[in-house]
Every structure is written in structure tokens, then in C-alpha cells.
Amino acid sequence: MAAAAAGLSWRRVSSFTGPVPRSRHGHRAVAIRELLIIFGGGNEGIADELHVYNTVTNQWFLPAVRGDIPPGCAAHGFVCDGTRILVFGGMVEYGRYSNDLYELQASRWLWKKVKPQAPSNGSPPCPRLGHSFSLYGNKCYLFGGLANESEDSNNNVPRYLNDFYELELQHGSGVVGWSIPVTKGILPSPRESHTAIVYCRKDVGSPKMYIFGGMCGSRLNDLWELDIETMTWSRPETRGTVPLPRSLHTANVIGNKMYIFGGWVPQSAGGEISAPDGEWKCTGSFSYLNLDTTEWIGLISDCQDDKSNLLPGPRAGHCAVAVGTRLYIWSGRDGYRKAWNNQVCCKDLWYLDTERPLAPSQVQLIRATTNSFQLKWDEVPTVEGYLLQLHADSPVPPVAGIPGTGVPETSVLSSQGGCSLHQSPQSLPSIPYPEMKVDHPSQTNNLIPNNVQVALSSSSKVEGKEKVAAPENKVALETMKNHADATGFKESNAPSLLPVCTSSAQTSANVGELHDLDKQNVNPDASVSSTVSSTQTMVTQQAVKTESSSTNGAVVKDETSLTTFNSKSEAAETAYVMPSTRVNIGQTNDSQSSRAPQRPLVPVKARDRRWYDVGIFKNNSAVVSQFYLLPEETLNINSKMEGADVPDYRLLKKQDLFPGTVYRFRVAAINGCGVGPFSKISEFKTCIPGFPGAPSTVKITKSVDCIHLSWEPPASPSGNILEYSAYLAIRSTQLQENPSQLVFMRIYCGLKTSCIVTSAQLSSAHVDYTSRPAIVFRISAKNERGYGPATQVRWLQGKLTVTHS
């Protein structure tokens, strides 16, 4: 079956930068997050460099390695455990093989030669090449390979091996030693240049190791299974067409499938397969074994002769690496040329998306203006673009000069901490959305408007440096719900009632965290500093660039957050601030708030349930000021089906965004398999002029008996800032009755851009468990027109057990 018929679409990487390694075979590769790390191999000499390819930026680079740098080797064992890599054995020169073990700490590019203890019941592994070296848990499993019986490296006497070893690893760095497990059943026959993978079903069963193919005088296509818990070998029964005998192929597990690509296979002539001692050729065949059903499925046949350059060419001794659900293949030899008396190696890099991408996180608001949004969402690994969609509510009709209707009861804490109910909430004024003056980046750099086939080139990915994992303890800064316009809830600004109680029916929504932010992809408009961890220890602060300075006018149905990410300093934590929608605390009832441009109301039936494409974006951010209108014949479609064809945007009309309008957003990732599922829905509202933006650059610093909370003024104050208010979510009986309604107490009001939160105040704090345990703060600014949107800060607390009093 052709790959196209199976719904697979190979892509050749044609645009990359950096020092490209020379083509080779017998090399090995692993993946650490988005990085492919390649070592060894040979072609006109054995390579000893360590090459790294960044699959996000399409960049090759040579890291500056140090320590006990190993000699070049080929057909070696190569496994990855977190951020360390282990190299065992291989050919170091013709006829001379190794049984040395090296460890590379990739976080520091530090090599170290390690010396494991010999097994108590036998000898350590002899020098070899072409063995398999598989990792599961804290153990590596070594099987088979080829040894040289002769002490003279020029007199190569091959001996095929089927010995089996276990190498126990120490946590983080180092090894314990070799052991020879006692196994049950019949050992696989001796072989080299086979493949071995480890798979464990999610629902039932113990981990299994599968060995396929290899060479032992002739090539093999037998499948062996080892139950790692019972150490029992067996030959599983399979269905489907077993791939041809082969060696020097690759095997990779993605999901519940073992993908087999390439290798040496028997030469076929007239439909007949050659005898074991006959002619052999490289193949570009591609199959997988469903590891749950043990059924073989062929995707590209051995006889398929592709001359369209749409499939990787035949090869053996290549490397194949899985990054998420994407399979990468690089180099390898495509045969032997007698006239040249040497191997001919491929120089190409290919990838294949094996499944549709996962749903991205909810869309998050970075900045809102009267007629545009700047949005962001978490990156999805190994995707080629994102389809962003919206649908709009009718504008909120003005009532008595106040946007918004249907106001429910509101509750305000008295200065003594009691709670009083105001039965006339209509008399409480509402804050219109402030206008933000924003310089919008050009959409043409990100938007892909005419991509009908959703086929983005590999060069369209985000450029940036490689990323690092997010730390365990970090401060999440998240968007908060706009109570006034999302739920109709109004908050009092009565000056005599200093502490304020707010309610929201949506505060228990899921919080999506953004990990591994790249500094290169962050807006340089403002900076924010780090906060402290839940363990109450001081954290080194380091400022980074953020896009937090003016997130105004948000109406967020499901709260989302952006969390901190590692800087180059291991001790530093940085936080990405996303200011929230406003907290309506103080307000002057200004009739001008109803003068913003309004469009005629459209009946809900005609427009409320349809999703419109904003466009396809190659990065995980977008500036939205327009969307595409659907053709008339599709007006009865409620929503775009997942994976449906993307229309030709050149044929569609555009519609501008309107002020004071709620828009719902969702986003789906795109890869070679199509459009994946959509994210959860977020709601944001365009602004109405006149009010200050949200405070930015929030910083929390822990000291012995208090914390220090500080912030920067709004980027768009829209006049003079008269005061700031800071609030703390507190425990209350109201919260016990309705956990989704956070209750806030004002802890500061004044002109300063900082305040002290005492341990006494913190003792009454509510710990919000809607995502990770966090103490919640809100900060907002007031100008002549009233209070603008608030910045909500979630101070993550780790695992806590809190007793509510």
C-alpha cells in the first residue's frame, strides 16, 4: 500500500541552517525534546563529532563538548535517559570493536567514561558492534551483536552473538553494573544489525521488549518478545504480511505501533525473492506492527519504485528518531557501487507525521484594543501551523449608559469582614473597557491566508533557541474573568467598604499552563521578574521580556494561565504575566461609555453558532483584527468539522472586529495528517475607550514573615493614575457553599506600586485548587474614569494540605 493511500505524507526538509554533518551510515540518534542528537557512523572514516539538529528552528549545530570525549564509533548502542545519553560498544576502526561505556550529560555537553561492575555470574559483555541497546526504567538491555574472534583486527573472524545483559543505572548520572538475567524460554538466535524496542500497554500487561530481524550469515525477519517482568522469551503470533528479511533497518515506537523502515532486503526479480545467499538491495519499504494486536500493516512496499521524490529513497544503516508523533529519518547508505568501490550515502532528512496533532491549550489574551486582539496559545510539538477560529456574540446593548444587562445580586465584604447583600445591583455602575494604544506587528509574517491544502513547508516553523524544561516550582500568572460583562456581575466601589468580595461562576475552570517559553518569542514591550516557589525558599530573580503590559478587555470563560520557564541560570525562575480583565471596584458613571461605535444587532440564530476562520498561523500567536466570512451556501453549518479542508481564503470576504463585542476563540494544530481537534473555548471582549490598562511586571518576593508584592504602571494609563488596589482571595463560608466563587479582600489602596502582604493576611488566604494549588492576588489601576482591568496573579504553592476554618 502506498503511503498516500494510508493517509501518510512524507516531507523532505529542504531549508535548514548550520554545519550539516557529512552523510554516513552506522550512526545512531536519539531525541531530547525537539533536539535530534546524532553520534558516530562512517563514510570515508568513522565520525567522532556530536551533531545536533533543532527540529523547531531547522538548525544544525555542533555543541562544544568536553570531558572524556569518546573516539568515533559506528554500529554502537545509543540510548537516552532524560537528558543523559549512554553509548556502548561499536566499531572504532575496521576489525576493532569496543565494549567501552560512555555517558553524555546533554544539559552540559559533558562526556564521562563510566566503568560498570562486572556481573556476579559471568563476564562483562565482549567488544561488539551491531547489537541492540534498549532502555526501560533504570535499566538498559543489551542483546546480541557481532564480535571478532581474531585478535588481529586485520583478520576479521565474525562471531554472531545472542547473549543478553542488563545494565543498572544510577539516578541522574553513573551506572551500577552489568548483570546476566536468568531468562525462561528459548533465546533468539544469534544476530547483529537487528532492532529492539520496549513497549508497555497503558491498560494491562507488563513491559515487553521486541526484537526484529537482523543478520546472521543471512538476513532474518523473525519477531521475538521478552516479558521484562518475568524474563520470559517467546515468539508471538502475528497477523498480516510480515516484512521481508532485513538488517540495518530501524524500528521506532510511536503510540502502540512499531514502525520499521528500510534496511537490506533480498533482491527480487520477476516477483521471486532471491535465495538467502543471493543478491540483496537497500529498500525504502515502510511497515508497522500494532503492538496491541500483533498485526503487521504495510505502508510502502519493497517493490514500490518511487521516482517522484515524495518518499524517502531506499537506504540502510540510517537513523530514525521519534519526536512526539513525528518520525525523522536521516542519511544512511543507498547501496554499493562496484565502479566506485565504496558505499553511496544519502544526504537527505525526512519526517513523517504519524497521527493528527493533539488539541492546543486554550487561546490566551495578550492584548486587547477596541478592534483587535493579540492572542497566544501553548505550542504543540511538531506541527506546521495552527487554524484559529472565532464566533461573536451580539454587542452588549447599552442600558442607561452602562454596557451590560441582566445584573444579578452582588455581595460586598464590609470593613469588619462581614458580608452584606445589595438587592439593587442595577444601581452599581459598570466599568467600560479601556482603549489600548498598541502597535500591532504585521500579520503577514505569521498569517498564511491562502494555504488551501494545509501543507506548510518545514521552513515555516518558529525560529529560536532550544528550550529547556519548566521548573517544578513556579508562579502562574493568569487571565481572570471579567465579572461585569461575562456574567453580568457588578462589584461595588463604595469607599466605606474597603474590602471587596467578588463572585465568579467560572473561577474553577481548568488552567492551562505554558511550559518552555522561548525568550526569542516573547514580546519585548515589557519585562517581568520572577517570584518565589511554594517551598517558601528565596528564588533568584531574573527579568525577562513579556507581553503583559496591556491585556485589557478580556472575558475569559475558562481561566488560562502562562507559567514560568527556566532561564539559563539553574536557580532563576521567571514568570510570564498575562493581566486579566477588569475588577469593577471603583467607577464614575459616565454616559460617554455608551458612545463607542456599535453595529446593528444580528439575530443569534443567524450568527451565534457558526465558527469563522481567522486564518492559519505558523507560530503560536496571532494578532486578530479581521476574520473570514463563510460563503452563503455554508451558512447552515454549525461548526467546522475537525480535519475538514481549509477553504481558499482568497475567495472569502473579511469582516473587521467591532468595539465592545465578545468573541469566542478556539484553535487547532495542523500537521501532515491534517487538522487536529480544537482547543477549549476562550472568550475575550474588545475594549471601549477611556480607562487605564492593567498593571504589568508583577513581582512577588518572599521574606521571613511577609511577601513583597510590586508592579509597574499600566502601559496605557489613559490619563493620570489616581490609585492602585491590590486584593487577596480569602477563605469564606461563601466559598464553602460555592467553591467556584472566589471571595477577595482588598489588602492595599494607594498611589505606590508596591505593598507588603503580612503573614496575618496570608493566614486567611484561600488556596485555589482549580489547577495547581495557588494563592490568588489581583491588582488594578484607577484613573479619572474609574478602575480598569486587573492583573490576576496565581502564586503556586506546590502540594499543600489546607484546613479551612
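Predicted model: local features only at pLDDT ≥ 70, side-chain atom pairs only at ≥ 80, totals over all residues.
Residues are classed as buried under 20% relative accessible area, exposed over 50%, and partly exposed in between (1.4 Å probe, protein chains only). Residues are numbered from 1 along each chain as its sequence is written, and side-chain values use heavy atoms, with hydrogens and water left out.

The mean pLDDT of the chain is 73. A value of 70 or more is reached by 66% of the residues.

The whole structure holds 19 salt bridges (a side-chain nitrogen of Lys or Arg within 4 Å of a carboxyl oxygen of Asp or Glu). Arg 159 pairs with Glu 149, with closest N and O atoms 2.7 Å apart. Arg 159 is partly exposed, at 33% relative accessibility. Glu 149 is also partly exposed, at 47%.

Arg 326 forms a salt bridge with Glu 384, the closest N and O atoms being 3.9 Å apart. Arg 326 lies in strand β28 (residues 326-330) and Glu 384 in the loop between β33 and β34 (385-392), so the pair ties together parts 58 residues apart in sequence. Strands are DSSP runs (E, at least two residues), numbered from the N terminus. Both Arg 326 and Glu 384 are buried.

Arg 794 bridges to Asp 768, with closest N and O atoms 2.6 Å apart. Arg 794 is buried at 0% relative accessibility, and Asp 768 is buried at 4%. Shared partners join Arg 11, Arg 326, Asp 353 and Glu 384 into one salt-bridge network.

Key:
pLDDT = per-residue confidence, 0-100. Helix = DSSP H or I, 4+ residues; strand = E, 2+ residues; numbered from the N terminus.
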